[in-house]
Protein chains: 2
Amino acid sequence: MNSELNSKVVGRGKEFFSTISGEKPSLFNKGAWMGKVMDWSMKNETFKIQMFRFVDVFPSLTTGKLLTDHIREYFGEEKDMPPVLSTGAKVAGMLGSFGGAVLNKVLTTNIQEMARQFVVGENTKEAIKNMEKLRKDGFAFVVDVLGEATLSEHEADVYMNTYLELLDSLKSQYQDWKPLGNYGNANLDWGHAPKVNVAIKPTALFCLANPQDFEGSVEAILKRVRIIAKKVIELDGFLCIDMESYRHKDIILEVYKRLKLEYPDYDQLGIVLQAYLVDTDQDLPALLKWARDNKVKISIRLVKGAYWDYETVKAKQNDWKIPVWTIKAESDAAYERQARMILENADICHFACASHNIRTISAVMEMARELKVSDDRYEFQVLYGMAEPVRKGILKVAGRIRLYCPYGDMVPGMGYLVRRLLENTANESFLRQSFAEDAQIERLLEDPIVTVEREKAARAAKQKPEEKGPGGLKPFFNEAMVDFTRADHRAEFPKQIAAVRQQLGKNYPLFIGGKEVKSADTLPSVNPAKPSEVVGVICQAGTKEVGEAIAAAKSAFPAWRDTAPADRAQYLIKAAAIARRRVFELSAWQVLEIGKQWDQAYADVTEAIDFLEYYAREMIKLGKPKRVGNAPGELNHYFYEPKGVAAVIAPWNFPLAIGMGMASAAIVAGNCVVFKPSGITSVIGWHMVEIFREAGLPAGVFNYTPGRGSVMGDYLVDSPDVSLIAFTGSMEIGLRIIDRAAKVYPGQENVKKIVCEMGGKNAIIIDDDADLDEAVPHVLYSAFGFQGQKCSACSRVIVLDAVYDKFIERLVSMAKATLVGPSEDPANYMGAVADDKAMKTILEYAEIGKKEGHVLYESKVPSEGYFVPMTIIGGIKPEHRIAQEEIFGPVLAVMRAKDFDQAIEWANSTKFALTGGVFSRSPEHLAQARREFRVGNLYLNRNNTGALVGRQPFGGSRMSGVGTKAGGPDYLLHFMDPRVVTENTMRRGFAPVEEDDDWVA
Amino acid sequence: MNSELNSKVVGRGKEFFSTISGEKPSLFNKGAWMGKVMDWSMKNETFKIQMFRFVDVFPSLTTGKLLTDHIREYFGEEKDMPPVLSTGAKVAGMLGSFGGAVLNKVLTTNIQEMARQFVVGENTKEAIKNMEKLRKDGFAFVVDVLGEATLSEHEADVYMNTYLELLDSLKSQYQDWKPLGNYGNANLDWGHAPKVNVAIKPTALFCLANPQDFEGSVEAILKRVRIIAKKVIELDGFLCIDMESYRHKDIILEVYKRLKLEYPDYDQLGIVLQAYLVDTDQDLPALLKWARDNKVKISIRLVKGAYWDYETVKAKQNDWKIPVWTIKAESDAAYERQARMILENADICHFACASHNIRTISAVMEMARELKVSDDRYEFQVLYGMAEPVRKGILKVAGRIRLYCPYGDMVPGMGYLVRRLLENTANESFLRQSFAEDAQIERLLEDPIVTVEREKAARAAKQKPEEKGPGGLKPFFNEAMVDFTRADHRAEFPKQIAAVRQQLGKNYPLFIGGKEVKSADTLPSVNPAKPSEVVGVICQAGTKEVGEAIAAAKSAFPAWRDTAPADRAQYLIKAAAIARRRVFELSAWQVLEIGKQWDQAYADVTEAIDFLEYYAREMIKLGKPKRVGNAPGELNHYFYEPKGVAAVIAPWNFPLAIGMGMASAAIVAGNCVVFKPSGITSVIGWHMVEIFREAGLPAGVFNYTPGRGSVMGDYLVDSPDVSLIAFTGSMEIGLRIIDRAAKVYPGQENVKKIVCEMGGKNAIIIDDDADLDEAVPHVLYSAFGFQGQKCSACSRVIVLDAVYDKFIERLVSMAKATLVGPSEDPANYMGAVADDKAMKTILEYAEIGKKEGHVLYESKVPSEGYFVPMTIIGGIKPEHRIAQEEIFGPVLAVMRAKDFDQAIEWANSTKFALTGGVFSRSPEHLAQARREFRVGNLYLNRNNTGALVGRQPFGGSRMSGVGTKAGGPDYLLHFMDPRVVTENTMRRGFAPVEEDDDWVA
């Protein structure tokens, strides 16, 4: 900002501050309970976390006992509580046996009061009454309906209907309202603004909004937006489409544009842009250009953005570029930059400046003055219940201000409350700095560009040198998830699927000792959604070919074993680069050969890449002999050596990831591999040949021998030349391998090592305080993602009695919203199962389930292809077969437990111990689950599939596996034997002193 | 030292320095090759190590090729060599194809010349000639015969005979020598000193000198000392008994005292004391008192001591108190202190001051003057070939000096040479500081007490805070080895064996669920050296009792599993303390129940203690959940849980250590144990009950069920309630367990995990450049220690053709020196084998061996008890049964290999891969062995038994085991399953930031 203008901004800001001098927002008023809580939270991070989490769970604490328990779990015994919590009770003089009840009452009252601060009413009537009051005080409003997450068509309808009802109520009243300000037009506030102003959250209007199905999501949202819009227009009102998280940004922009083009001449349609998004510097000019191109007038509410933590965490978790500015002042600067651009386009774009930041507001005022923008082309907005001095100041200076007024139920209100609390306790909150910390006004009013530069310099000074991983590689990071917010990622799938389709039906040879080998026996692999479509015809290895492969592996072994670990690792790094280059194409093959959804297919390929990158680094680490003991005069080196020939037997459900994981672990550890893919994903198995061949892996190190298990399975397992078997698949076959492989045959070199991952019968527990907004979609995804064909999939959901009905109602409703059909169409939530055999088994289990319990939901399925319905069966008890046996398909058993202990007991009651999940907001129950829910991978408050290499090392015990953990720090140890070499370094009484000797001090 | 005296000492020292100003010992003369080597060695530690090691191996390089190869291996290609080595060859102008031969010649000539510097002659004749020359220059001598390590009675005789021959030669000549100095007596130097002065190394007179058999060692040495002494006395000569390493110090003192009492009136018998030994401050007054008590006159040569590195390293390796002063100046101070004490007792003690340190020499001179000690009561000695300016100075001032003159063969001469080179290149060497570094004279002459104080202060300043191990415990250290240099340790064994003998024959119950349980069936355990002696009568568990034990373990499991890992570890720490308290008693039981030698028995108990201490710490480390991945908003904790009921099946050969190791690992990991000891060491097995009971281990966590394998073995292994089997024993039983345990029975919770250590057929390779002084005793010990009944024992020795004859001759000679008999008598090298069955099997193998090869040695055995002869069989080829099958007894197969490659090939040619050894001084062969000698534990240049917990994690692969390593960092992982708990910590978009989050910078 040029210095002249900046001086004016600062001058105006100072004036602003002086007009409100001495005033405090109620938020920071330490005389009241909320102010105390805010004060304590800012001083004590742990309390803040507990307090805000407690506020979040509070609405679900529907009984006195639940409330009492949670208070204790979150804040400790009453005597240990921070005074801010216990004071109320103490003042009531009722400590002791009545303490709990009193505390409950005090907290309940206080939290409800706190929520009321920010929420204009709990229902339409109350909201309207309060908004009318606000108008009397000179404030305009924009009203917004709070809602739980929308998880079904029904819930979307409810949300929409609330708006319609609100609008109906307003219809009868708004014309009676006296317009604000004294401007001629009797029907418009300030002479130009509709009195009715409504904001809507688009994702609340469609429960499956997902950028993977971009077009479907836009249209589904638009369907309900249109109905609301029509009604708003009937009232000559203003409709603003709110922006939500980054994931849905482009969908929402598209919804807005389509809506706008349906009402090209109705100017009271607005959208929100978020200055904290890096994209907004592109999105804003693009939108303005679009408006000019289409000759329409638009309105933009510019906010800074309220999901900074969320967006940052999500991006970090998925290894995406962080979509938000990481320096707070960068958002402030972006805001000023973008506000100016909007003001410069005031002829076609109305501007709502939504900020509590006095610097920002002053800047907008001065820029508007400089650009001579007339008052009717811009306005100011602040949130209801916040920053009272600011709104007062604006009203005084600008003569117009609009309050953003949410209303609705307590439950979603608490989520809204937490966001507000967070916002105001953040270190960088303008309000906190201004009103709770009395920061220097000069600093508060500083040009944010200057602040950014200072902050950047400070960070650069603190910058640590780039961390190095093993062998000088960059540290391991999970490969980024597919990002369907990107148009290029969305476009790749149809393109690659079409390209792959051109290559279907080819013949695939075996690969032995570095050579392609044909066999007479072949088997086709087909598209399960369209069995007539042959994906490939694969040569089948018999015992002769398997014998040759073992011999090739055995003969390649000595040289491969003696290749330095770091050099072996380099082949994996190369293989990873190749798979990365081909990621979309490899994903497309999975969509067609095994029916994975786009994201599932992509995740399988990235997991394969992760295994390659992770094991490469692990091997470099383990490859260095480690000195053990440090007595002088002796050197003891502990190191690892490979076992020999490894048979790797892979499943079809993660056809690249699991096969690649087991094979690459074996290979990088120095073993040579005979790889048997599943018959129904042998083409994907062949991709491993392509990848390793391109990576230059020496001949014989990786041999590819698809084959009929009945013909060559035992032969491979029994071979005395095989030293290691890595298997992932069913319990039956796993146990058979374990049993057979334990026999030592004459001439056998090693006792066979078995790395074995088998089945699961995984349960998710829904506690009585669970956040159902989270639990329902996660359970649905865990149970039915990739048709439930994951060993990690949720196949039992154990719901506590208290929330059973509500949970099931929402779960079934959400299930109803989903579609079953070919996975190549991203509109389908669920696709075909693996093959006819799988289809038959699953349908049999569904029938068993129907007899043991009752059907809660059963979806429709297409007539062609190996489809089975999405099936939810209620009334299941632990003794039922579908509560005990692995189904490996989309059949979910629902069990009603009387309490958490029983839920844990049932969860543990099968012979498996693979994954499990718990949705709970009880600290004690979460701790109990950590201890007692004994599975290999337990997930708290999230889905229980999708373990990531390095982060969620995967595998279970009991009949689920032998305690190995793929993608974990101990995994490679199973593929090697440790050796120790001890050298006496003393000769003639003389021993060289080593740096780490325990020598005399 | 009082300051007046100190001033005089410093004054005299300065005068001393001034008289020799400008002179340099030939050692530091950079004009000559040796001076260059010394100079380069002082500047370059790596070169020094290589050079001194090369000098050590040099005499064994008997062919041009060996020499050329070693030069390259030690110093690199000629072009890369330091100039000091290659110059000679370069000067000869013969680089290129003749380079190697020239270099050989140059190095050979130079090294031989270097050795001649310190050695007065290679044979008696030459030595006498040179000593006569010295006398002409005014120097007296004390002559000493260099010798290889004495490994047999024959070698001891050879050594003794060399002295006798020397004395015979001197006899005919010494009387013709003109006495030194002009003092009346024609037959005595300086008027009082015998012209013939001889020093002997006592351990060269008996090959098995060992403080464990103190009395036997003293008498055996004395036998030959007497013969030499008699001859010396015939010549009116002086005999000095040299001191060697600390291990033999008390033996040598005792030898001296007994000899002295045999010649109470012959005053020319001396002994050496070493000022660097901390003990000398006690030993010296004790010896003086002894002399007074016995009214005899003695002579003491006081030296500083030449084995500082060796003593320190040995002590550190065995966790003994370091016997030497750790600050050089402390030795100097001790020297002055002790010299004064000797001088104060000059009436009964003649003093030989042996030092090159001008401060020390000056101090002795001034103290003698102060104490008015007459010249005939003390003299000065320096080493031949060293410190020429010093000896010249002394001669000038004192008028008398004696040179210590070693003579003999090149081979032992090289060892002597290395010691001298080391001594003079040490940073703290007085000569180095004085003549190679021109240190400040003031500093060189400083009172060592002052130096000590300064050094202590400097070390204190550098002192790091005490290192803490896991859980605040002190870091793991191996329990100290038994120290038979201590009289109390020696005395404990007979005492404890006698005490244990009082308790033999008792009945021992089972121990199930914390209760003693009797069974009708019992079996006796007997002393194998005296089978009529019943050690105990042990109840035998049948299937019923085993079933009860499994049930007890199963029911104790949940509570034990849920006990915090650190608390579980505390039980092991307590158990270790109990075993430590009982160490001698527990050892005594082993001597009687299984025939372990004292040291072997003690080592078994300390190994048990080590396992307890080590696994306790490992579990504390592993017990802490580890965060994996650091994406914000999610916490992934990786941790371990026990498997359940563990069957622990232990062998008899390490009856406490291995049983305790397996059981304690299982227990500390949280499993509950059903323990089956071997039938023949069940009383020792019962000690584990005693220890765990005293430690307070909860009932059912450790259950003791000795029993007949044929009755209850399969039942235990097959039990569906057993989740883990830890077994150490034979391959046959190991493989049977692996096979049976792989079957999963209905109701079985887990796939059984097998931790299994089986047999070995371990080879030691003797390379053509091996140091046989080391190789022979280490092979003998590795093969026959505890009768070869260790899975680690050497059962094949593969000797390279070039050294075969010499090695075998020395090995067999040494074997002949050993005795076979009950282990309770420390004179016996070998005891009885485990039982009659073992005896029979071993004897059968010995017979097979006799047919396959030829007997090189077969010892006598006592008639009573399960004794088999120590047997060495030559002419064995890889295809022979005794080259392939485990014998588990004292039968050693000897194989002659044509070269190192063949030796490695043969070593690897069995189905086992447990331990191995190599004696070689070829850097390339050692590196090759590291790579290619594929065994679990490979030992270079030392015995291949006695793996220590933490330092030599133990276990093999192939048919020796399943790749677990007891006492190693991965061992406990086999007793647990990893689990991961993943928590989504984000609620309402708010995730607490963890310290190690990968958060935005």
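Strand β26 (residues 871-874) of chain B runs parallel to β27(B), the two pairing over three bridges; strands here are DSSP runs of E of at least two residues, helices are runs of H or I of at least four, both numbered from the N terminus, and two strands pair if DSSP finds at least two bridges between them. Bear in mind that this is a predicted model, where local features need pLDDT of at least 70, side-chain atom pairs count only at pLDDT 80 or more, and totals for chains, interfaces and linings use all residues. Residues are numbered from 1 along each chain as its sequence is written, chains are lettered from A and ligands numbered from 1 in the order in which they are written, and side-chain values use heavy atoms, with hydrogens and water left out.

**Around β27 of chain B**

- Thr871(B) has Val891(B) in β27(B) as its bridge partner.
- β27(B) also pairs with strand β24 (residues 794-800) of chain B, again in the parallel sense, over five bridges.
- β27 (residues 891-897) of chain B is mostly covered, with six of its seven residues buried; buried means under 20% relative accessible area, exposed over 50%, and partly exposed in between, using a 1.4 Å probe and protein chains only.

**Around β8 of chain A**

- Strand β8 (residues 349-354) of chain A has six of its six residues buried.
- One face carries Cys349(A), Phe351(A) and Cys353(A), the other His350(A), Ala352(A) and Ala354(A), and both faces are covered.
- Strand β7 (residues 298-303) of chain A pairs with β8(A) in the parallel sense over five bridges, and Arg301(A) has Ala352(A) as its bridge partner.
- β8(A) also runs parallel to strand β9 (residues 378-383) of chain A, joined by four bridges, with Ala354(A) opposite Gln381(A).

**A three-stranded sheet in chain B**

- The strand order is β11-β15-β14 in this open sheet of chain B, and the pairing is mixed.
- β11 (506-508) and β14 (522-527) of chain B are the edge strands, each with a single partner, so one side of each has no neighbour in the sheet.
- From one strand to the next, the twist averages 35 degrees.
- β11(B) and β15 (residues 530-539) of chain B are parallel over three bridges, and Lys506(B) stands opposite Gly536(B).
- Helix α26 (residues 682-695) of chain B lies across β11 and β15, at about 40 degrees to β15(B); axes are lines fitted to C-alpha atoms, for helices over the stretch in contact, and angles run from 0 to 180 degrees between N-to-C directions.

**His70 of chain B**

- His70(B) is in helix α4 (residues 64-75) of chain B and, at 3% relative accessibility, counts as buried.
- The residues it touches, leaving aside those up to four places away in sequence, include Phe54(B), Leu61(B) and Arg921(B); contact means heavy atoms within 4.5 Å.

**How the two copies relate**

**Confidence**

- Chain A has a mean pLDDT of 94, with 99% of its residues at 70 or more; pLDDT is the predictor's confidence in each residue, from 0 to 100.
- The predictor gives the complex an ipTM of 0.96 and a pTM of 0.95.
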